[in-house]
Amino acid sequence: MSKVPVFCSAATVFLIDKIIEEPQVLLLRRTKPPVHTWSQISGGIEGDETAWQAMIREVQEEAGITLRDLWSADADVRFYVPEQNRFSILPVFVSHVSRNTPVTLNKEHDAFQWFSFADAKALVSFPGQRQMLDLIETEFINRTPTPHLRINLATPQETEAPDLYARASP
């Protein structure tokens with residue numbers, strides 16, 4: 001009997017800017033396989049890192065951005081890797097970043113651009129990416145996500161990032 005293993009050794013994060021007239025998502029163009037495709041930031045989980053800690057590191061390494069907030073999208077991207085006969089499952093995270101934030105790409109990417117959600121969905125290569133863009137637009141742009149999805153990044157010496165989902169009244 002053949003088995004198909006399931007692995008979770010990486011994660012992914014979508015950087016969004018919702019403080020503008022038309023919300024945007026940051027995509028980077030890859031120089032590694034799948035070459036010349038546009039994608040969100042993804043990367044491996046190293047050592048004793050949690051998936052969310054890996055995303056903070058990966059965003060810094062790949063785009064030179066220090067995240068001020070991070071949310072679980074309460075979802076995952078999963079795909080089959082035929083060369084390894086395995087499924088990969090990546091937890092999905094969301095962070096708010098102003099599109100005016102400077103981006104410094106590493107060698108894994110050769111371009112970046114902020115796209116509307118509609119343009120991003122038309123541009124990305126994989127169904128899982130489009131599904132996640134739909135989910136993020138629904139849950140983080142069109143409605144207020146539950147605060148239980150917010151990951152506490154603050155240390156005792158830091159202050160929390162502004163609450164982009166603060167309500168005027170309960």
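Modeller: A residue is called buried when its relative accessible area is under 20%, exposed when that area is over 50%, and partly exposed in between. The model discussed here is a predicted one.

Biologist: In what order do the elements of the protein run from the N terminus on?

Modeller: The protein holds three helices and eight strands. Read from the N terminus on, the order of these elements is β-β-β-β-β-α-β-β-β-α-α.

Biologist: What share of the residues of the protein counts as buried?

Modeller: The accessible surface of the protein comes to about 9,800 Å², and carbon and sulfur atoms account for 52% of that surface. The protein has 170 residues, and the share of them that counts as buried is 41%.

Biologist: Among contacts between residues at least 6 apart in sequence, what share joins residues at least 24 apart?

Modeller: A contact here means heavy atoms within 4.5 Å. Among contacts between residues at least 6 apart in sequence, the share that joins residues at least 24 apart is 67%.

Biologist: Which element supplies the largest share of the lining of the largest pocket?

Modeller: The largest pocket holds about 750 Å³ of space. Of its 34 lining residues, Pro-34, Ser-42, Phe-79, Leu-90 and Phe-126 are the closest to the centre. At least two lining residues come from each of β2 (10-17), β4 (38-39), β5 (41-44), β6 (71-81), β7 (86-96) and α3 (127-141). The largest share, five residues, is supplied by β6.

Biologist: Which residue is joined to Pro-34 by a cis peptide bond?

Modeller: Pro-34 lies in the loop between β3 and β4. The cis peptide bond has an omega of about -5 degrees, and the residue it joins to Pro-34 is Pro-33.

Biologist: In which loop does Asn-85 lie?

Modeller: Asn-85 is a residue other than glycine with a positive phi, near 50 degrees. With a relative accessible area of 26%, Asn-85 is partly exposed. Its place is the loop between β6 and β7.

Biologist: How many residues apart in sequence are the parts that the salt bridge of Asp-110 and Arg-29 ties together?

Modeller: The closest N and O atoms of Asp-110 and Arg-29 are 2.8 Å apart. Asp-110 counts as partly exposed at 39% relative accessibility, and Arg-29 counts as partly exposed at 26%. Asp-110 belongs to strand β8 (residues 109-116) and Arg-29 to strand β3 (residues 24-30), so the distance in sequence between the parts tied together is 81 residues.

Biologist: What is the relative accessibility of Glu-139?

Modeller: Glu-139 forms a salt bridge with Arg-143, with the closest N and O atoms 3.6 Å apart. Arg-143 is partly exposed, with a relative accessible area of 47%. Glu-139 likewise counts as partly exposed, and its relative accessibility is 29%.

Biologist: What is the area of the nonpolar surface patch made by Val-4, Val-6, Tyr-80 and Phe-87?

Modeller: Val-4 is placed in the segment before β1 (6-7). With a relative accessible area of 40%, Val-4 is partly exposed. The patch that Val-4 makes with Val-6, Tyr-80 and Phe-87 has an area of about 350 Å².

How values were computed:
Residues numbered from 1 in each chain as written. Predicted model: local features only at pLDDT ≥ 70, side-chain atom pairs only at ≥ 80, totals over all residues. Heavy atoms only, no water. Patch = residues over 30% accessible without salt bridge, like charges linked within 9 Å, V, L, I, M, F, W, Y side chains within 5 Å. Areas by Shrake-Rupley, 256 points an atom, 1.4 Å probe, with all protein chains shown as cover. Salt bridge = Lys/Arg side-chain N within 4 Å of Asp/Glu carboxyl O. Helix = DSSP H or I, 4+ residues; strand = E, 2+ residues; numbered from the N terminus. Buried < 20%, exposed > 50% of the residue type's maximum accessible area, 1.4 Å probe, protein only. 1 Å grid on protein atoms, 1.4 Å probe; cavity = no way out; pocket = protein on both sides within 12 Å on 5 of 7 lines; lining within 4 Å. Points joined across faces, edges and corners; volume = space filled by probe spheres on them.
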